[in-house]
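Here is a short report on one protein model.

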Amino acid sequence: MPDSFFPALWRKSWLETRFRLLLGLLLSVYILYLICAFAPAALLKQEPAMAAPELGRRIWKLFLIAYGTLTLPITSKILAGAGINAQTSMGMSRGFHGSMSYLLSMPVARWQILAVRAGLGAVALVGVGSLTFAAYYALVPRYQIALPPTPAFPVLAAVLLVAMVFYCLAVLLSAIFDEFWAGTIGLLLLGFVLGAGIALPQSVVDLEHFLQNPTMGTTLLYLACCVVFLFATVRLIDSKEY
């Protein structure tokens with residue numbers, strides 16, 4: 001990649017990602033506020049004699065379910081954008097913009113364009129997830145909620161891995177469909193996986209179980225899915241006529 005073109009590509013990718021990043025942060029803040037501000041009262045209303053450690057455990061489980069299996073995977077689709085296809089900073093663009101033809105005419109490989117866009121979105125996704133976890137640990141004591149009994153880093157790593165699987169899937173879908181349809185299909189697949197996890201508890205599709213009990217086998221399977229999705233995306237964009 002020519003040195004003169006590299007900063008311009010990163011800058012354009014940032015301009016297309018910044019509002020998506022803001023939306024992802026807003027979703028995270030909203031879910032975190034709902035869990036910390038309203039969930040304790042609701043749980044104590046059901047069981048007034050619940051001890052603080054048990055309340056903290058249930059709030060932590062609710063956070064993992066609401067954020068780790070739903071909000072962050074949805075955020076991953078938002079940040080994945082349209083991959084190598086043209087996209088707007090507000091998201092859900094249809095067809096191609098003139099800027100895409102301009103990028104493809106530059107002396108740069110298609111996989112490099114994809115790497116910059118997908119890489120920036122992945123960094124943003126990791127940042128959003130990490131900041132939300134840090135905010136959880138900072139906020140829950142203020143609401144008289146006990147901190148989770150499990151170490152934070154392994155759980156955060158599992159949450160980010162689940163989100164990255166859906167992120168890489170969204171990047172692959174963006175190489176096949178317009179962003180509108182890629183997003184719709186991605187959400188349908190997320191719903192399918194969540195439903196399959198309920199029907200098949202403690203299986204590889206049970207995201208809630210994985211977040212609470214990450215195993216090496218499932219971790220390697222999820223990592224393999226990320227690699228396969230990205231490899232398939234590179235092959236597709238190299239063979240696609242724009």
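## Overall fold

The protein chain has eight helices and zero strands. Helices (DSSP runs of H or I, at least four residues) and strands (DSSP runs of E, at least two) are numbered from the N terminus. Along the sequence, the pattern reads α-α-α-α-α-α-α-α.

This is a predicted model: local features need pLDDT of at least 70, side-chain atom pairs count only at pLDDT 80 or more, and totals for chains, interfaces and linings use all residues. Residues are numbered from 1 along each chain as its sequence is written, and side-chain values use heavy atoms, with hydrogens and water left out.

Of the 242 residues in the protein chain, 43% are buried. Buried means under 20% relative accessible area, exposed means over 50%, and partly exposed lies in between (1.4 Å probe, protein chains only). Now take the contacts in the protein chain with a separation of 6 or more: residues 24 or more positions apart account for 78% of them. A contact means heavy atoms within 4.5 Å.

## How H5 and H6 pack

Two packed helices are described by the angle between their axes and the distance between the axes. The axes of H5 and H6 come within 9 Å and cross at roughly 145°. Axes are lines fitted to C-alpha atoms, for helices over the stretch in contact, and angles run from 0 to 180 degrees between N-to-C directions. The H5 and H6 crossing is right-handed. That term applies if the near helix is turned clockwise from the far one by less than a right angle, and left-handed applies if anticlockwise.

On the H5 side, Phe-166, Leu-169, Leu-173 and Ser-174 take part. They meet H6 residues including Ala-182, Leu-189 and Val-193. The residues of this contact divide into eight nonpolar, two polar and no charged. Here Ala, Val, Leu, Ile, Met, Phe, Trp, Tyr, Cys and Pro count as nonpolar, Asp, Glu, Lys and Arg as charged, and the others, Gly among them, as polar.

## Pocket and cavity

The largest pocket has a volume of about 270 Å³. On a 1 Å grid over the protein atoms alone, a pocket is an open set of points with protein on both sides within 12 Å along at least five of seven lines; a cavity is a set where a 1.4 Å probe fits but cannot get out; lining residues have an atom within 4 Å of a point. Grid points are joined across faces, edges and corners, and a volume is the space filled by probe spheres set on the points.

The lining of the largest pocket has 14 nonpolar residues, no polar and no charged. Val-165, Phe-166, Val-193, Tyr-222 and Cys-225 lie nearest the pocket's centre. H5, H6 and H8 each supply at least two lining residues.

The structure also holds two cavities of 30 Å³ or more. The largest cavity has about 70 Å³ of space. Phe-166 and Lys-77 are among its lining residues. H2, H5 and H6 each give two or more residues to that lining.

## Three single residues

Thr-75 sits in helix H2. Thr-75 counts as buried because its relative accessibility is 0%. Beyond neighbours within four places in sequence, Thr-75 contacts Gly-24, Leu-27 and Leu-125.

Gln-202 lies in the loop between H6 and H7. At 61% relative accessibility, Gln-202 is exposed. Gln-202 has a positive phi of about 65°, although it is not a glycine.

Ala-146 is in the loop between H4 and H5. Ala-146 and Ala-52 are 94 residues apart in sequence, yet 6.2 Å apart in space, C-alpha to C-alpha.
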